[in-house]
Amino acid sequence: MEENFESLKVMVIDDSKTIRRTAETLLKKVGCNVITAVDGFDALAKIADNHPDIIFVDIMMPRLDGYQTCALIKNNSAFRATPVIMLSSKDGLFDKAKGRIVGSDQYLTKPFSKEELLGAIRAHVPQGGHVAGAAGA
């Protein structure tokens with residue numbers, strides 16, 4: 001059974017156009033509302049405007065890298081609860097540990113599959129309800 005990720009707001013931050021397009025295509029197919037950003041600075045403004053339900057962020061980016069971006073998101077009380085998934089082309093223990101230190105919720109190695117992307121959403125976003133808009137939030 002194909003799940004319904006209808007109207008789920010997913011942000012993908014990556015300086016690679018290919019990665020952004022791949023993730024956007026996969027996520028739109030299952031009904032997600034996808035917001036893309038080219039780097040951390042671009043992302044921070046869009047996060048404030050869009051309040052995404054989950055954020056995928058590349059580690060290696062110019063200007064503001066994924067760790068700095070994640071730390072800034074997690075240090076903001078309005079977005080602390082938003083799941084942040086790190087994306088990296090390196091499958092290093094050091095990178096994973098560093099990701100945890102800045103508060104990331106999961107780590108995916110690129111190239112990621114559709115299943116890995118959806119699995120991460122499934123694991124961190126309550127189905128049928130948005131993080132911010134859930135009853136009693």
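## Pairing of strands E4 and E5

In this predicted model, leucine 87 has leucine 108 in E5 as its bridge partner. The two strands concerned, E4 (residues 84–88) and E5, run parallel and are joined by four bridges.

## The sheet as a whole

E4 and E5 belong to an open sheet of five strands, arranged in the order E2-E1-E3-E4-E5 with parallel pairing. At its edges lie strand E2 (33–37) and strand E5 (106–109), each of which pairs on one side only. On average, neighbouring strands of the sheet are turned by 20° against each other, direction ignored.

## Helices packed on the sheet

Helix H1 (residues 17–29) packs on the sheet, where it touches strand E1 (9–13) and E2. The direction of helix H1 makes about 170° with that of E2.

Helix H3 (residues 66–74) also packs on the sheet, in contact with E1, strand E3 (54–58) and E4. Between the direction of helix H3 and that of E4 the angle is about 180°.

## Aspartate 58

Strand E3 contains aspartate 58. An unreviewed UniProt entry carries the annotation "modified residue: 4-aspartylphosphate" for Asp58. Aspartate 58 counts as buried because its relative accessibility is 3%, and the cut-off for buried is under 20%.

Leaving aside residues up to four places away in sequence, aspartate 58 touches Ile13, Asp14, Asp15, Gly66, Leu87 and Lys110. One of these contacts, Leu87, is the residue whose bridge partner in E5 is leucine 108.

Conventions: Residues are numbered from 1 along each chain as its sequence is written. This is a predicted model: local features need pLDDT of at least 70, side-chain atom pairs count only at pLDDT 80 or more; totals for chains, interfaces and linings use all residues. Side-chain values use heavy atoms; hydrogens and water are left out. Two strands pair if DSSP finds at least two bridges between them. Axes are lines fitted to C-alpha atoms, for helices over the stretch in contact, and angles run from 0 to 180 degrees between N-to-C directions. Contact means heavy atoms within 4.5 Å. UniProt positions are given in the numbering used here, feature names are shortened, and annotations may be inferred rather than shown by experiment. Buried means under 20% relative accessible area, exposed over 50%, partly exposed in between (1.4 Å probe, protein chains only).
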